[in-house]
Amino acid sequence: MDFAIEAHHRQFRDQIRNLIAEHVDDEVIEEAHRTGTNHAASLHRALGELGVLIRATPGPEKDPVELWLLSSEMEKAGAPFDSTGMVLTIAGVIDAIGTSHQRDTIGSGLAAGTDLVCFGLTEPDGGSDLAAMRTRAERDGNQWVINGAKMWTTMAHVADWVFLMTRTDTSGGRYDGFTVFLLPMHTLGITVDPVFTMSTERSNATFYDDVVVGDEWVVGEPDNGWAVLGLMLGFERGMGNTGFLTPLLRRFTSWATRAGVVDEPSVRTRMAQIAIDAQMCELLTQRTVWTAATGAPPGVEGSIAKVFATDAYVRHAQWAQATAAPESLLGFDEARAAAEGWIDHDIVHSIPQTIQGGTNEINRNNIAERFLGLPRFR
Amino acid sequence: MGIDFALSDQQETLETTFARFFAAESSVAVVRASEPLGFDAELWTKLDAMDAGSIRADGATLSDLVVIAERAGSSMAPVPLVEHWVATQILAAHGLTASGQTVGPSADAPIGSAPSPSTPSAPAPSAVAALAGTSIATVALSPAMDGVWRLVPAGAVADVVVGIDGDELMAVRAEPPMEAPTNHASMPMADRPSTDGERVILGRLDPDSSTTFLSKPLSLHQQAINEWRLLTAASLLGIATEALALGVAYVNERQQFGRPIGAYQSIQHGLADLPAMIDGARSLTHKAAWAADTGLVDGAGEIDMDRGLITECGPLASMAFLAAGDAAAAATERSLHYHGGYGFSKEYDIQLLFRRARGWAHVGGNPEIERARLADMLWPR
């Protein structure tokens, strides 16, 4: 085994670090919290202009270590990454199965860092059971007419594109008859309603009322949407969400030092435990990346890393909040807030990590069935 | 080279060879028969015949030893391989083997940070002779108190104990008691006097560093205990992996309410948490061994807590030991629980793993003290 980061990867990492330092200051973070839009516009554009997004886009010809370095450095620095991760995921899908028209119209803008995309997957009545979705796309001459509603279309209010999953045929099996579209968000009939959350983050509900579109926006083959979704989720698995313990520990340590409790034995042993868990998160994620780099099909390594990392984040954030109480209850705009409000933020930021992108329960099913070989329960 | 989670060809061979060896020679029947002492002399002789005890001196890396230690752990092999490797490494640094042979020019290896007038020269020939005829060595993890190293791992069966007494690092050869105090894990631990027997002084602490021999640079003894932690981590991961495998096999087979209990989600999810703990701790163990093998010791590695980057062996070995202990405790506890009442009975093998998971993790003392020591490495006071 080898745990050394190669020289050309260190160079790439340094480039990302420099860009983060250059483009992400307190004002950028403050704006993300004020607007609820977890997007650093100037950083994202710079990543596009300098070709970093192209290098980090997942795909069979790409180096997965570069994607990992980008997501890991962004997470460790506390830089907004959600929007960038979504762009990279969909850029990977277009690279893999997009038409030349889609590459020109959608792919080029995503790679350049000028365009953003949101995901229209989950519905008001269907979360983990994605196959139960009811948004319909019906054939009308050589066009499609889409009707339905999607929840948690985060970034929809700033996105240029929506990756929209619909039902086109209900005559087949449970996973048959889906069609995926990539639509311009300005298409007539799409409306966006904000959904404000317990964290500062703003998400959206999106509604599709008699949205008429042509075949040019169909991704992959019509009625083969479940396979397209699988491809997309495979790429999404590389998008991090496992590196939050390092910034949590850094912020907690700075609070504990200032508060004069950093030498207390119970505080130090817990800090050591967070450091252990942070290393394990990093190694489990690196293993996922390495597995992808060997060309092996995505296994359950991503599920294993995600469940461990997000559960540990929730657990340790709650400990940090209790330990730094009561100043840890104060938010970003309060001068006395512990760690400038970050500990309060970590609590509310940690909760959705165990839910979004596949709940930890769904991931545990996955591990039980596909890694441990236990019977399918459903 | 870059990030690589695959075993080398050499390690694949070691893994296959030792998996086969322990499956044949350290069956559960052998393990059970070795209790309560927890030592099988015949198994040790067979390992010796394969040169397993001297494999380190013959050029195996720590990463190689991790692979073997995990196989030994998963078979609960009743032999003190890890302790022997670690202790003989100290002896080898002094130009000695466990059986008292000299191997090349004697190394002058004081424990303290700087050479001092009190540093002894190479052991005299008579001292070398004092170690002649020994076959098993072990290391006392804590300094002697009132002339006794307490509850030394493998102390019941080792001919030579390497340890610290006062300001001296020494090897003491004496007849092993071949009897251990009744203990949770059937481990061959025992008190060993530091004053009785043939003593070879290997080094003295620098008077200036005698109160701080946990600080840099790592002394030979500290380095050995570091290696003991990371190889014990590997053994504990063998226990954890085996416990998970037993649990999965049992819940697939055991029927209740007309279906295998492994079909119930509560049980699936309880088991599904374990692979992350085991695999994460295994990666930490291999990373610590990689750091040692590539010379990232004694401050040569990186500790950057702002970015969560750690390549220094000391903290990695400590992390691996703690994480592997936690993984083994969780895996054996859950697996035993899903066995129901049978898991609690002596007849079922899960109890053998359950007891060793705790014994091997705790023989070095309270893990909370280790966690505090880790904190001191990460955030020096």
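Analyst: Chain A holds 13 helices and eight strands, where helices (H or I, at least four residues) and strands (E, at least two) are DSSP runs numbered from the N terminus. The model is predicted, so local features need pLDDT of at least 70 and side-chain atom pairs count only at pLDDT 80 or more, while totals for chains, interfaces and linings use all residues. Residues are numbered from 1 along each chain as its sequence is written, and chains are lettered from A and ligands numbered from 1 in the order in which they are written.

The C-alpha trace of chain A spans about 70 × 45 × 45 Å along its principal axes. Of the 378 residues in chain A, 50% are buried, that is, have 20 or more other C-beta atoms, placed from the backbone, within 10 Å of their own.

In chain B, 14 residues of domain 1 are in contact with 21 residues of domain 3, contact meaning C-beta atoms, placed from the backbone, within 7 Å. On the side of domain 1 of chain B that touches domain 3, helix 2 (28-34) and helix 4 (62-74) each supply at least two residues. Helix 4 of chain B gives the largest share of that side, 10 residues. By class, this side of domain 1 of chain B has eight nonpolar, four polar and two charged residues. Here Ala, Val, Leu, Ile, Met, Phe, Trp, Tyr, Cys and Pro count as nonpolar, Asp, Glu, Lys and Arg as charged, and the others, Gly among them, as polar.

Methods
Two residues are in contact if their C-beta atoms, placed from the backbone, lie within 7 Å. A residue is buried if 20 or more other C-beta atoms lie within 10 Å of its own, exposed if 12 or fewer, and partly exposed in between; C-beta atoms are placed from the backbone.
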